[in-house]
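The sequence and the model are shown first, and the description follows.

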Amino acid sequence: MLDKLINLDRRIIYLIVLLSVIIPLMNPMGLEIKVTDSVRASYEAYEKLPPDSLILMSIDYGPSTAVELEPMALAACDQAMRHNQKVAFMALYPEGQALINRLIARIKTLHPDKEYGVDFVNLGYKAGNEAVPLKMGLDFRGQFPTDTRGTPLSDVDMLRNLTQLKQFALVATYSAGFPGALEHIRITASEYGMPLVVGTTAVQTPQYFPYYDSKQIVGLIGGLRGAAEYEKLSGFTGTATGGMEAQSFAHFTVAGLIILANILTFLRLARGREK
Amino acid sequence: MLRRQIPLFITFVSGLLLIVQYYIYPLNFIGKNLAGWFQAITAFAYVLAAISLFAVNGKKIRDRAPGWIYNLVLLLSLVGTLYIGLFIHYLGQGYPGYQPIDEGTYFDWMFQYIYNPLSATMFSLTAFFIASASYRAFKARSVESTLLLGSAFLVMIFRVPLGEAIWGAVMPTSWDITVFIEDIIMGGFNNAGQRAIQIASAIGLISVSLKIILGVERSYLGGD
C-alpha cells in the first residue's frame, strides 16, 4: 500500500492539480492581497510623473509568459493613460511586437479617447540584445528612425521633440528572460542612469531582487502575485487578481503533495529499519 | 593556417578595441559603430538559423528519417509564416506604411489565434509535470535538501493570499509573514546568494573573454 502511494499514478496528480486550479477560478473567495514595497515603488514611479511625461515601455515577453506579464503591463498602461502620460512601446524580444499590438488593442478599448501617435506609439522590435539599449542612449533616432508604421519619429506627434533616451521620464521592461530586463539594467539603468521599473516572471524575481535592493532599479514587480498587487494599487480590474486564487490553491496542492511524499518515504524507511 | 589566424586576429583586435574605447572617451565612437555591426550580425543570425533549419530538416525529410513528417510540418509552418508575414497585406485596411505584421493582419491573426494558444498551452503543461516531479523527487534526504525544502515551502505557501490569510488568522498581527519573506528570505538570504552567483559568474566571464581575446581559448573556431 505504502509503495503504491509513493508511486502514485501521475494521472491522479494531474487531476488533483487541475481541480486545484479550476475550482478557485470558478468560485473566487475574494482573498486579500497584501502589497509589497517593491511593487509599491513601481507603482509610485508612474504615479509621481506629471502629465505628458514620456515613458518607454519594453515588452520583452512571449505568449508563454504573457499570463504573468501582460496583466502588469496592461495595468501600468492604463495607469499611464489615466494620468495623460505618453507611452512609447518597444521590444527586445522577437515576439514582443505582436504582444504590443495586443496591448494597444486593449488600450484602444479601455481609453477610446486616446490616439495612436499622440498618446502611445509602437516602435517595434529591434534585434541586437544589449546593443539596442546601448545605441538608444547614443543616438535614439538612429536606433528607431521610424515607428512600425514607417512614420519618421519627427512626424509622430508625441515624439516630435525626442532625440535622446534621457528625454524619457521613465523606462519600464516587462521581461521573461533573455533579452530583456538584464540588458536594460546593465545599459539603460546602469550606463545611462535612467529610472527603470522591472516586471518579471515569478521564477526570475529572486535574480532581480539585488538590483532593487541596491537601487539600480526603481521598482520590481514579480510574477502574477506582483501583477495582482499592482492591480490592487491602481484599481485596475485585470486577470491577475483572479488568477492569484488559483495560484494559491495550486501552491498549497503541490506543497501538500510534497509533504505527503516525504511522510510516506519516511514511513517506508522506518519500516525497513524495523525489519 | 590563415583560416585560423585571421579569425584570431579579428577577435583580438575587436576585443581590444572594445575594452580600450570604454576607458578612453575620444574613442567611444568605435564602440558606437561596433554596436551597429553587432546588431546587423544578430539580424543575419536569424537568416543563418533559417538556412540551418532547412538544411537539418530537409536532410531528414529526404532520408525519410523516423518522424520525418514532423520535420515537414516544421518547414511548412516556417515557409507559411514567412510568406504571410512578408507578403500578404490585409486587403481593405491600411494607412501609410502599413506593415503585414500590424494588428488586424493575417499574420497578427495567426499569431494571436494559433501561435499564442499553442505556446501558452505548452507552458501551462509544465505545471502538471512540476507537480508530478516534485511528488517523486523533492525529498528531505540531507541537511541541504531540508533547508531548501523549508525555504521553498515558506515562499510557496506564504507568498500567496491563501497562505497569508491562514497566517493572519492564526498568528498575532505584529508577526507579518509577508515582511519576513520580503525582507529576510528574499532581501537577505536570496540577495546574498544571488550576488555571490552574479559576481562569481561575472569574474568567470571576464576570464573566459580574456582567454578568447588572447587566443588561448579557440574552441569557437571548431576543431581542437
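## A covered strand and its partners

Strand S1 (residues 54-60) of chain A is mostly covered, with six of its seven residues buried. A residue is buried if 20 or more other C-beta atoms lie within 10 Å of its own, exposed if 12 or fewer, and partly exposed in between, with C-beta atoms placed from the backbone. Helices (H or I, at least four residues) and strands (E, at least two) are DSSP runs, numbered from the N terminus.

This is a predicted model, in which local features need pLDDT of at least 70 and side-chain atom pairs count only at pLDDT 80 or more, while totals for chains, interfaces and linings use all residues. Residues are numbered from 1 along each chain as its sequence is written, and chains are lettered from A and ligands numbered from 1 in the order in which they are written.

S1(A) pairs with two strands, as the table shows. Two strands pair if DSSP finds at least two bridges between them.

| S2(A), residues 86-91 | parallel | five | Met57(A) and Phe89(A) |

Together S1(A), H4(A) and S2(A) form a right-handed β-α-β unit. A crossover is right-handed if, with the strands pointing away from the viewer, the path from the first strand over the helix to the second runs clockwise.

## Nonpolar cores

The largest nonpolar core has 85 residues, and Ile59(A), Met72(A), Ala73(A), Phe89(A), Leu103(A), Leu196(A) and Ile217(A) have the most contacts inside it. Helix H4 (residues 63-82) of chain A supplies the largest share of this core, nine residues. Another core, of 10 residues, lies apart from it and includes Val17(A), Leu257(A), Ile258(A) and Ala131(B). A nonpolar core is a set of buried Ala, Val, Leu, Ile, Met, Phe, Trp, Tyr and Cys residues joined through C-beta atoms within 7 Å.

Leaving aside neighbours within four places in sequence, Ile59(A) is in contact with residues including Ala73(A), Phe89(A), Leu103(A) and Tyr174(A). Two residues are in contact if their C-beta atoms, placed from the backbone, lie within 7 Å.

## Chain A as a whole

Chain A has 11 helices and six strands. Its C-alpha trace spans about 80 × 35 × 30 Å along the principal axes. Of the 275 residues in chain A, 52% are buried. The domain assignment, which is automatic or from a database, gives domain 1 (2-27 + 249-274) and domain 2 (37-238) of chain A. The C-alpha centres of these two domains lie 40 Å apart.

Pro133(A) lies in helix H6 of chain A. Pro133(A) counts as buried because it has 31 C-beta neighbours inside 10 Å. Apart from its neighbours within four places in sequence, Pro133(A) is in contact with Glu183(A), His184(A), Ile187(A) and Thr188(A). The C-alpha atoms of Pro133(A) and Ala270(A) are separated by 59 Å.

## Where the chains touch

The contact takes 53 residues from chain A and 52 residues from chain B. H11(A) gives the largest share of the side of chain A that touches chain B, 14 residues. The residues of this side divide into 28 nonpolar, 16 polar and nine charged. Here Ala, Val, Leu, Ile, Met, Phe, Trp, Tyr, Cys and Pro count as nonpolar, Asp, Glu, Lys and Arg as charged, and the others, Gly among them, as polar.
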